[in-house]
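Hi,

Here is the structure I promised to send over. Have a look at it first, and my notes follow below.

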Amino acid sequence: MPVIRSFMQVIADQAADETEASIDDLGGIVERCARSYSSSLADSQAKISQYRLKEKINQAQAGGEDIEKSLIDEVESWRDSRPAEISQEHSMRAANAIAKTVYIEAGRRTLVWVTMGSKSCAHCQSMDGRTVSTSKPFLAAGEDLKPEDAEPMTVSTTIGHPPLHGGCECMITAGE
Ligand SMILES: [Zn+2]
């Protein structure tokens, strides 16, 4: 939580500078955003853990393996793999979440999707420059994204801001 808060503070300061609006109590806005972000992050990580453990139990049962041992191996493997996964995805997600909050506080009515990173995929490139009202998502759950030179992709959840997918480095910027 302190890490998310300090990280969000840096992004919030940049976003506030960008809009040139004077925002009352930016620190309080960051605090509330970091709190709600941390609790939903904890929830989603708990669900991912549960899901992965259930999968392991099923696999171990189906393969006649020792269930307890395969669960211990799974949890131990998380120590190496998950911190990097979580920090990559959630640094992008948290940055975009606080930037959106600040733009709305600054009175902006639209948000613009900006594709970043040299390795951005066709799906992200097709989002570049897309502008939406701050009250609307960029993509609704179930909506298709069909770039010319790639397979169509159906989004499973509402996309209110980047990332679009794991490894996505897109950002939003303030519109009007
Ligand atoms: Zn992207």
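Let me start with a loop: Pro-163 sits in the one between β4 (153–154) and β5. Pro-162 and Pro-163 are joined by a cis peptide bond, with omega at about 5°.

Two things to know before going on. Numbering starts from 1 along each chain as its sequence is written. This is a predicted model, so I kept to pLDDT of at least 70 for local features and 80 or more for side-chain atom pairs, while totals for chains, interfaces and linings use all residues.

**The overall picture**

The chain has 4 helices and 5 strands, in the order α-α-α-β-α-β-β-β-β along the sequence. Its C-alpha trace spans about 60 × 45 × 25 Å along the principal axes. Of the 176 residues, 22% are buried. Here "buried" stands for 20 or more other C-beta atoms within 10 Å of a residue's own, "exposed" for 12 or fewer, and "partly exposed" for anything in between, with C-beta atoms placed from the backbone.

**The core**

The largest nonpolar core has 30 residues, and Met-8, Ala-12, Cys-33, Ile-98 and Ala-99 touch the most other members. (A nonpolar core is a set of buried Ala, Val, Leu, Ile, Met, Phe, Trp, Tyr and Cys residues joined through C-beta atoms within 7 Å.) Two or more residues come from each of α1 (2–19), α2 (26–63), α3 (67–105), β1 (110–114), α4 (122–127) and β5 (171–174). The biggest contributor is α3, with 8 residues. Domain 1 (1–108) and domain 2 (109–176) both supply residues, so this core lies between them; the domain bounds come from an automatic or database domain assignment.

What does Cys-33 contact, leaving aside neighbours within four places in sequence? Its partners are Met-8, Ala-97, Ile-98 and Thr-101. I call two residues in contact if their C-beta atoms, placed from the backbone, lie within 7 Å.

Val-102 is in helix α3. Val-102 is buried, with 27 other C-beta atoms within 10 Å. Not counting residues up to four places away in sequence, Val-102 touches Ala-12, Ala-15, Ala-16, Ile-23 and Ile-29. Lys-56, in contrast, is 46 residues from Val-102 in sequence and 41 Å away in space, C-alpha to C-alpha.

α1 has 18 residues and reaches 26 Å from its first C-alpha to its last, close to the expected 26 Å (that is 1.5 Å times one less than the number of residues). Its buried residues are Ile-4, Met-8, Ile-11, Ala-12 and Ala-15. They cover an arc of only 110° around the axis, which puts them on the same side of α1; the arc is that of the directions from the helix axis to the C-beta atoms. Their cover includes α2 and α3. On the face turned away from the buried side are the exposed residues Pro-2, Val-3, Ser-6, Val-10 and Asp-17.

The loop between α1 and α2 holds Glu-20 and also Asp-25. Glu-20 has a positive phi near 55° despite being a residue other than glycine, and phi of Asp-25 is near 55° too. Are they buried or exposed? Glu-20 is exposed, with 8 other C-beta atoms within 10 Å, and Asp-25 counts as exposed with 10.

Cheers
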